[in-house]
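Here are my notes on the model, as promised. Have a look at it yourself, then go through the points below.

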Amino acid sequence: MKIFSNEHLFNYSWEQVSAANWKKYPNEMSTHVVAVDTLRREVDPVTGVLTSERLITCKQAIPRWILSLVGGSDVSYVREVSQVDPKTKTLTLRSVNLTMNHLLSVYEIVTYKPDPKDPLHSTKFEQEAQITAYASFRRLCNKIEDWSVERFHQNAALGKAGFESVLQQVSQKVQDGVFKEPERL
């Protein structure tokens, strides 16, 4: 098993980041994400926690040597379960690959919380992925895991840039008054 971890500060409030999360895909930087379908969304009446389950469809440039070994397609599916806790101001996303998970398992946890140093204007992003390949030969597992970590690293950098773009767009719409509360009668 290999671990990929990443941290970043977004110069936006937790509320802005949490709202923009739902508009994260598609974006011009994360072109590997081709569809996001919401399967379930519910609010716990006691805690106020919003739980959503989504199916994310990705199209990856997978090396031919991997496809020739295992067969399959360059289209993959990921199940994401997110929880937004407005009381603790925490957005947690847990995802796992559904495609080829008997050969490669990727379990990812992402959290967004207000930055303790500047909670009104900055949000801390933490990401960890556990990547495990299953094969008869450890050397092959290592090669697949190493490639997967590198691919995860590349996609994370693109994802961060794409999300920054989405945050700028959402922030601009808020400033322009596009997203304002409806007038009360």
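**Notes on the salt bridges and the cavity**

1. Let's begin with K2, which is partly exposed, with a relative accessible area of 23%. Keep in mind throughout that this is a predicted model.

2. What does K2 pair with? Its salt-bridge partner is D146, and the closest N and O atoms of the two are 2.6 Å apart. D146 sits in helix α3 while K2 belongs to strand β1 (residues 2-10), so this pair ties together parts that are 144 residues apart in sequence. D146 also counts as partly exposed, at 43% relative accessibility.

3. If you want the total, the count comes to 9 salt bridges.

4. Another salt bridge worth a look joins E42 and R40, where the closest N and O atoms lie 3.1 Å apart. E42 is partly exposed, with 44% relative accessible area, and R40 is partly exposed as well, at 29%.

5. Then there's K124, which forms a salt bridge with E126; here the closest N and O atoms are 3.4 Å apart. Buried or partly exposed, where does K124 fall? K124 is partly exposed, with a relative accessible area of 30%. For E126 the value is 29%, which makes it partly exposed too.

6. On to the empty space. Rolling a probe the size of a water molecule over the atoms shows where such space is left. In this model there is 1 cavity of 30 Å³ or more, and the volume of the largest cavity is about 1,100 Å³.

7. Which residues lie nearest the centre of the largest cavity? They are Q60, V78, V106, F152 and N155, out of 46 residues that line it. By type, the lining divides into 25 nonpolar, 14 polar and 7 charged residues.

8. Where does that lining come from? At least two residues each are supplied by the strands β3 (50-59), β4 (75-85), β5 (90-97), β6 (104-114) and β7 (123-133), and likewise by the helices α2 (64-70) and α3 (138-175). Helix α3 gives the most, with 10 residues.

Notes
Residues are numbered from 1 along each chain as its sequence is written. This is a predicted model: local features need pLDDT of at least 70, side-chain atom pairs count only at pLDDT 80 or more; totals for chains, interfaces and linings use all residues. Side-chain values use heavy atoms; hydrogens and water are left out. On a 1 Å grid over the protein atoms alone, a cavity is a set of points where a 1.4 Å probe fits but cannot get out, and a pocket is an open set with protein on both sides within 12 Å along at least five of seven lines; lining residues have an atom within 4 Å of a point. Grid points are joined across faces, edges and corners, and a volume is the space filled by probe spheres set on the points. Helices (H or I, at least four residues) and strands (E, at least two) are DSSP runs, numbered from the N terminus. Ala, Val, Leu, Ile, Met, Phe, Trp, Tyr, Cys and Pro count as nonpolar, Asp, Glu, Lys and Arg as charged, and the others, Gly among them, as polar. A salt bridge is a side-chain nitrogen of Lys or Arg within 4 Å of a carboxyl oxygen of Asp or Glu. Buried means under 20% relative accessible area, exposed over 50%, partly exposed in between (1.4 Å probe, protein chains only).
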